[in-house]
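Biologist: I am new to this structure. Could you walk me through how to read a few of its features?

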Amino acid sequence: MRDNELTIRALILGAVIAVVFTAANVYLGLRVGITIASSIPAAVISMGILRAFNTGTIRENNIVQTVASAGGTLSAIIFVLPGLVMIGWWRGFDFWTTFFICALGGTLGVLFSIPLRRALVVNSPLPFPEGVAAAEVLKVGATGDEAPANVLERSRGPLIVLYGALVAAGAQIVTFMGLAAANVQNFFRVGSGVSGVTVGFTLALVGAGHLVGISVGIALLCGLLISWGVLLPYLTAGMSGDVAEIAENIFRSQVRFIGAGTIGVAAIWSLIKLVGPVAKGISDTLKAGAAAKTGGHDDRDLPIGTIALLSLVCLLAIGTLLFLFIQATPALQPYTWPLVVGGVAFTVLVGAFIAIVAGYMAGLIGASNSPVSGIGILSIVSGSLLLALFVQPGLGHAATDALVAFALFAVAMVFSIATISNDNLQDLKTGQLVGASPWRQQIALIVGVVAGSLVIGPVLDLLNAAYGFPGDPNRAAIAAEPLGAPQATLISTLARGVLNAELRWDLIGLGAMIGVGVCLFDEILGFFKMLRIPPLAIGIGMYLPMDTTQPVILGAVIGWLYDRAVEKRENGEMAKRFGILLACGLIVGESLLGILNAGLIVGTGNPTPIAIVGEDFTAASRWIGAAMFAALLTLSYFWVARQSRAK
């Protein structure tokens with residue numbers, strides 16, 4: 001079989017899948033505030049299509065999922081860009097402006113993260129759960145000479161992935177029908193304050209927890225306990241009213257800002273610790289760029305000269321975008337060149353920092369679970385603060401609205417860098433595990449960015465016309481209720497808060513102090529050679545909702561117990577790999593169903609297109625959801641534990 005990799009058909013197929021996933025994710029993210037990882041579903045679809053030609057290789061399938069995941073991931077730009085409509089600055093989404101914001105920022109995200117590959121992917125113990133999952137899916141679906149060597153693993157590996165996918169997909173269907181609840185909530189008083197427990201029944205997140213491991217799981221648990229066991233009861237002390245409403249409001253408006261402060265300090269500490277490895281990675285990239293193939297594997301990145309040239313072109317184009325924005329905004333024209341130069345410098349410095357942080361977070365807990373909206377919060381706060389300190393005094397208070405718009409415009413490009421860096425290293429980890437050529441994958445990532453950028457503007461314009469966004473003073477949509485767009489609402493509110501001097505710096509400062517404490521604690525654990533608890537994961541556990549972190553924690557514990565139970569038996573290592581394949585299958589099934597459901601939602605205009613029961617079934621659905629979740633996990637792990645035993 002010819003060793004095809006970077007083929008025209010792989011790029012075209014990946015681009016088509018990227019367009020579909022991006023469109024679905026744009027709608028889903030604006031509707032409920034989440035997006036779905038597309039790398040694993042893309043790998044599954046690619047294998048199915050290319051197998052029909054009997055010529056697809058594991059590395060060609062990897063190129064398809066690389067292109068598709070880059071485009072799908074770029075959809076997270078919706079967490080920032082609609083803010084320009086919400087504040088009334090834009091009436092819609094101009095195609096070329098939106099395209100260039102996404103394409104330029106996304107391309108820089110690819111370029112900025114290339115020197116990080118050796119530091120974070122090759123020479124790092126980071127788990128990269130989704131990268132590993134995608135690689136396992138590609139391996140078990142391989143044919144011919146690329147199929148697994150062990151007959152038992154070759155025959156049962158695909159079966160395990162298929163089983164996990166069917167279990168997760170079936171559970172999702174029952175949930176979407178309304179028969180089983182997705183989570184169970186209970187809020188209660190703690191003294192005069194409020195707290196609560198939310199248990200999520202998401203099998204894909206359990207699979208992610210299995211892949212991230214016990215260390216990250218414990219760290220997420222620590223963050224969850226800090227938020228819900230300490231901060232929330234303290235911040236709600238003495239408040240009267242409905243406990244659920246109080247808990248949800250204070251968590252969104254205060255606790256998450258504290259978590260963002262912790263993430264900020266942990267991210268800076270992670271950056272400081274990575275200075276050495278990143279410098280070595282850049283040095284190795286320079287050396288490897290001039291090196292030939294070694295053995296059977298081409299480990300070269302794009303040449304450093306190419307990276308520098310493309311980065312310069314992107315930055316010049318970004319400067320042009322900023323210049324055109326300012327020329328259309330008379331209130332900002334007196335500071336045209338300081339804003340252009342400052343905006344480009346902000347993109348370089350903050351973008352490079354964010355590329356490292358986002359890549360590290362992807363390696364730690366996976367791209368899907370990384371709080372890129374937390375990065376957006378830190379970016380908009382820092383950008384708005386710089387404008388408030390150095391530009392607003394000269395332009396006066398009358399220019400505040402224009403400065404808010406400029407901050408959102410500039411941060412949108414930085415946010416594109418973050419989202420692609422978050423995905424890029426995950427894809428490169430997959431490539432490392434399947435023997436791909438890094439430089440070919442990096443070309444595929446740029447193709448995926450361009451493909452995704454082509455569809456984001458038109459889909460946003462369509463949704464703006466159909467639904468509109470909250471707070472938009474010019475809203476003239478067809479539907480009565482606007483899309484929620486929770487992250488975009490929060491980020492635009494932050495920009496206004498900083499420039500109008502209304503932001504709660506005390507909350508971010510408290511989070512920063514907690515961040516210093518957890519970094520110190522982690523270093524003490526390292527000094528005594530004990531299990532490390534990643535500070536960034538603690539911040540993530542504080543920031544994300546409980547029904548997102550709890551299944552990941554549960555999956556980490558289940559994975560740890562499963563590995564201990566099977567490690568001493570015959571074929572123990574194979575049994576461990578089978579556990580990983582089950583986790584991968586759970587992620588595959590739920591991701592595919594999530595994309596399909598998003599398509600049904602868009603097509604029918606109904607947020608619950610396959611629901612067969614109403615709200616009167618809610619109480620029963622909670623019991624059914626809990627029982628189904630527990631039963632499926634128990635049966636699945638007992639079943640997979642037996643698969644490594646030869647008959």
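Biologist: Is Asp506 buried, partly exposed or exposed?

Modeller: Keep in mind that this is a predicted model. Exposure is read from relative accessible area: under 20% is buried and over 50% is exposed. Asp506 has 45%, so Asp506 is partly exposed.

Biologist: Which side chain does Asp506 meet in a salt bridge?

Modeller: A salt bridge pairs a side-chain nitrogen of Lys or Arg with a carboxyl oxygen of Asp or Glu, within 4 Å. Here Asp506 meets Arg504, at 2.8 Å from N to O. Arg504 is partly exposed too, at 41% relative accessibility.

Biologist: How many salt bridges does the structure hold?

Modeller: Five. Another of them joins Glu60 and Arg9, with their closest N and O atoms 2.7 Å apart. Glu60 lies in helix H3 and Arg9 in helix H1, so the pair ties together parts 51 residues apart in sequence. Glu60 is buried, with a relative accessible area of 0%. Arg9 is partly exposed, at 28%.

Biologist: Which residues are linked in a network of salt bridges?

Modeller: Asp522, Glu523 and Arg532. Within it, the side chains of Asp522 and Arg532 meet at 2.9 Å, N to O. Asp522 sits in helix H19, and Arg532 in the loop between H19 and helix H20, ten residues apart. Asp522 is buried, at 4% relative accessibility. Arg532 is partly exposed, at 30%.

Biologist: And the chain overall: what share of its residues counts as buried?

Modeller: Of 647 residues, 58%. The secondary structure comes to 23 helices and two strands.

Definitions and conventions: Residues are numbered from 1 along each chain as its sequence is written. This is a predicted model: local features need pLDDT of at least 70, side-chain atom pairs count only at pLDDT 80 or more; totals for chains, interfaces and linings use all residues. Side-chain values use heavy atoms; hydrogens and water are left out. Helices (H or I, at least four residues) and strands (E, at least two) are DSSP runs, numbered from the N terminus. Buried means under 20% relative accessible area, exposed over 50%, partly exposed in between (1.4 Å probe, protein chains only).
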